[in-house]
Amino acid sequence: MSAHAAPRARVTLAGLVAKKAGREPIVMVTAYDHPGAQIVEAAGVDIVLVGDSAAMTVLGYDSTVPVTVDEMLMLTKAVRRGLTTPLLVGDLPFGSYEASDELAIATALRFVKEAGCDLVKIERGGTTVERARALVQAGIPVVGHVGLTPQTATALGGYRAQGRTAEAALAVIDDAVALQEAGCSLLVVEAVPSEVTAAVIALLEIPVIGIGAGADADGQVLVFHDLLGLYDGGAARFVKRYAELRTAAVAGVEAYAAEVRGGVYPAAEHGYAMADGEAARLQELLAAR
């Protein structure tokens, strides 16, 4: 955003619905810390998701399953402090909402009250539909998530596309409709054929955000570290690299290390000098000891 551009108005749920109606694509991206939040704020995105993908991209776990509520809250608070305009969505981690409506509400309230989330996101259909309904009735806006749901990827046969048969597609569509009926404000559809996304769009009034779900979705979401080339792990086929920052970062640190080892850094311009006459006075004081 230009330094002279007029400030953007805060994004609202009503505004997202208007974008859907006007076929104006919605831009969603993840962020996991304060600098990342400042970057996506400056880039003018509509929605920021503090996804449990942070488990792998910034915390070093091998899946999303181990990340805790406290870890997610710490990251979400940092992102909140860097945002002004976009809506902030907090991902409820695995094990923090499935067991009961009471657990789901207690966890979600922490994300709203402590971390300043505008919405919380939960995965799957099934019993999750009941959790979504309970959250909405408690006054907490909810984002649903169908298709490939990473928290339960093992049960789905791994990180693979869903809805590739007619019966499997129908299950995804039914989950999507059920989550809207439960009161969800938005829906994420991940790793499904575009025909499935088109069928979901035709049945839903709420905005649908796709990730690996084709171009028919009302908006798209990608992981910050994936789109910027920061994550060293494997990327899904739907990821497009818009920069290669990890390569640039490694080169920068290598150049720094080489200059330190070669005695090039720091040079005189990187240091500080005492006021005139103070160095000589210091020597006199040391000599007088």
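## Basis of the model

The model is predicted, with local features requiring pLDDT of at least 70 and side-chain atom pairs counting only at pLDDT 80 or more, whereas totals for chains, interfaces and linings use all residues. Residues are numbered from 1 along each chain as its sequence is written, and side-chain values rest on heavy atoms, with hydrogens and water left out.

Helices (H or I, at least four residues) and strands (E, at least two) are DSSP runs numbered from the N terminus. Strand E1, residues 26-30, is mostly covered, since four of its five residues are buried; buried means under 20% relative accessible area, exposed over 50%, and partly exposed in between, with a 1.4 Å probe and protein chains only.

Two strands are taken to pair if DSSP finds at least two bridges between them. E1 pairs with E8 in the parallel sense over four bridges, and Met-28 stands opposite Val-221 in E8. E1 and E2 also run parallel, joined by three bridges. Together, E1, H2 and E2 make a right-handed β-α-β unit, where right-handed means that, with the strands pointing away from the viewer, the path from the first strand over the helix to the second runs clockwise.

Side chains of opposite charge can pair when their charged atoms come close. A salt bridge is defined here as a side-chain nitrogen of Lys or Arg within 4 Å of a carboxyl oxygen of Asp or Glu, and the search of the whole structure finds twelve of them. Lys-19, which is buried at 16% relative accessibility, forms one with Glu-24, the closest N and O atoms being 2.7 Å apart; Glu-24 itself is partly exposed, at 42%.

Lys-19 also meets Asp-46 in a salt bridge, at 3.9 Å from N to O. Asp-46 is buried, with a relative accessible area of 5%. Arg-8, Lys-19, Glu-24 and Asp-46 are linked in a network of salt bridges.

## The link from Lys-20 to Asp-218

Lys-20 forms a salt bridge with Asp-218, with 2.8 Å between the closest N and O atoms. Asp-218 lies in the loop between strand E7 (208-211) and strand E8 (219-222) and Lys-20 in helix H1, so this pair ties together parts that are 198 residues apart in sequence. Asp-218 is buried at 12% relative accessible area, and Lys-20 is buried at 15%.
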